[in-house]
Amino acid sequence: MKIAVMGAGAVGCYYGGMLARAGHAVVLIGRPEHVAAVRRDGLAMDTQSFLEHVPIDASSEPGAVQGARLLLCCVKSTDTETAAAAMAPHLDPDALVLSLQNGVDNAERLQALLPQTVAPAVVYVATEMAGAGRVKHHGRGDLVIGPSAFSGDLAKLFADAGVPVQISDNVAGALWAKLIVNCAYNALSAITQLPYGRLVQGAGVEDVMRDVLHECLAVAQAAGVTVPPDIPEAVQRIARTMPGQISSTAQDLARHKASEIDHLNGYVLRKGETLGIPTPVNRVLHAVVKLLESR
């Protein structure tokens, strides 16, 4: 199967690389310097179970999505509409678009601009780019998707590539659970530039994270979303399972790039305002990260 990855950053390279290792014809669509490195040396994958250079196609042109049966959209949430517009003229009519993005509304935003079927996936993986053409995997790698006519085939496709997939009838709740984890960790990791394991050792940090959690749960409840009951334990577990991970928001700030904070704590803030739910801790974290972005 031809598979295209739109937005070949850390997440896109990990899943694209795993699928390429399983024998699929994968093309990574990303920045020119990254594309040049992949074309020259293959994709360097440093994972918890293997270290190798994976032969894989790469392009900096959106037109490379043509002919793909499956498209993994892995661009930043801030680039969702731009990516959809760039892909639209080239996507096959029967292609399936799978959103592997942070935030809870990217699939809806893509679907509003694309006639192809768009499905959300909840991504649980700790990765980072270790240089052009090099992806470093720190932990996990599983996905959650919703039930559909194609979900069984999709789960098998990923499972055969070493990627566990759970099919859930509450993807909205799973997306919110991931959002809550991101809201609890990303901004604090970005502000301090600390990995999760070190972050939670700070005086009062777990109390702040608990406040973020409670605000997010209140907004989710008001929005009619059923969040899994184990989310408090899941938030705590992240620091144990990914102690060396620095958040994607922290990585963006370190590289002087715009982050996705508007679609994380900022999304909770806006949704809370719409629903009449106060979110003061999310407001502060969002404001501080935006200040750091503007330096």
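Me: Which ring does the charged end of Lys 178 sit over?
Reply: The ring of Tyr 124. The charged end is 5.9 Å from the ring centre. Keep in mind that this is a predicted model.

Me: And Arg 21, what does that one lie over?
Reply: Arg 21 lies over the face of Phe 50. The distance to the ring centre is 3.6 Å.

Me: Staying with rings, how many aromatic pairs does a search of the whole structure find?
Reply: Three. One of them is formed by Tyr 185 and Tyr 196.

Me: What's the geometry of Tyr 185 and Tyr 196?
Reply: Tilted. The centres are 4.7 Å apart, with 50° between the planes.

Me: Where do the two partners sit?
Reply: Tyr 185 is in helix 6 and Tyr 196 is in helix 7. The two are eleven residues apart, and the pair links distant parts of the chain.

Me: Is Tyr 185 buried or exposed?
Reply: Buried, because its relative accessibility is 1%, and the cut-off for buried is under 20%. Tyr 196 also counts as buried, at 7%.

Me: Where is Gln 193?
Reply: In the loop between helix 6, residues 171–192, and helix 7, residues 196–199. Gln 193 counts as partly exposed, at 34% relative accessibility.

Me: What about His 256, what's its phi?
Reply: Also positive, about 60°, and His 256 is not a glycine. This residue lies in the loop between helix 10 (248–254) and helix 11 (265–275).

Me: Is His 256 buried or exposed?
Reply: Exposed, because its relative accessible area is 72% and the cut-off is over 50%.

Me: Now helix 1. How many residues, and what reach?
Reply: Twelve residues, 10–21. Helix 1 reaches 16 Å from its first C-alpha to its last, close to the 16 Å expected at 1.5 Å a residue.

Me: How many of the residues in helix 1 are buried?
Reply: Ten of the twelve, so helix 1 is mostly covered. Among them are Cys 13, Tyr 14, Tyr 15, Met 18 and Leu 19. Gly 12, Gly 16 and Gly 17 are buried too.

Me: What follows helix 1?
Reply: Gly 23, with a positive phi near 105°.

Me: On to packing. At what angle do helix 11 and helix 12 cross?
Reply: Roughly 135°, and their axes come within 8 Å. Helix 12 covers residues 280–293.

Me: How does helix 8 pack with helix 11?
Reply: At an angle of about 50°, with the axes 10 Å apart. That makes helix 8 oblique to helix 11. Helix 8 passes helix 11 in a left-handed crossing.

Me: How far apart are the C-alpha atoms of Ala 218 and Gly 272?
Reply: They are separated by 8.5 Å, and the two residues are 54 residues apart along the chain. Ala 218 is in helix 8, residues 205–222.

Me: And what's the relative accessible area of Ala 218?
Reply: 28%, so Ala 218 is partly exposed.

Key. Residues are numbered from 1 along each chain as its sequence is written. This is a predicted model: local features need pLDDT of at least 70, side-chain atom pairs count only at pLDDT 80 or more; totals for chains, interfaces and linings use all residues. Side-chain values use heavy atoms; hydrogens and water are left out. Helices (H or I, at least four residues) and strands (E, at least two) are DSSP runs, numbered from the N terminus. The expected span of a helix is 1.5 Å times one less than its number of residues. Buried means under 20% relative accessible area, exposed over 50%, partly exposed in between (1.4 Å probe, protein chains only). Rings of Phe, Tyr and Trp (its six-membered ring) pair if their centres lie within 6.5 Å; planes under 30 degrees apart count as stacked, over 60 as edge-to-face and the rest as tilted. A charge sits over a ring if NZ of Lys or CZ of Arg is within 6 Å of the ring centre and within 35 degrees of the ring normal. Axes are lines fitted to C-alpha atoms, for helices over the stretch in contact, and angles run from 0 to 180 degrees between N-to-C directions. Angles under 35 degrees count as roughly parallel, over 145 as roughly antiparallel, 65 to 115 as roughly perpendicular and the rest as oblique. A crossing is left-handed if the near helix is turned anticlockwise from the far one by less than a right angle, and right-handed if clockwise.
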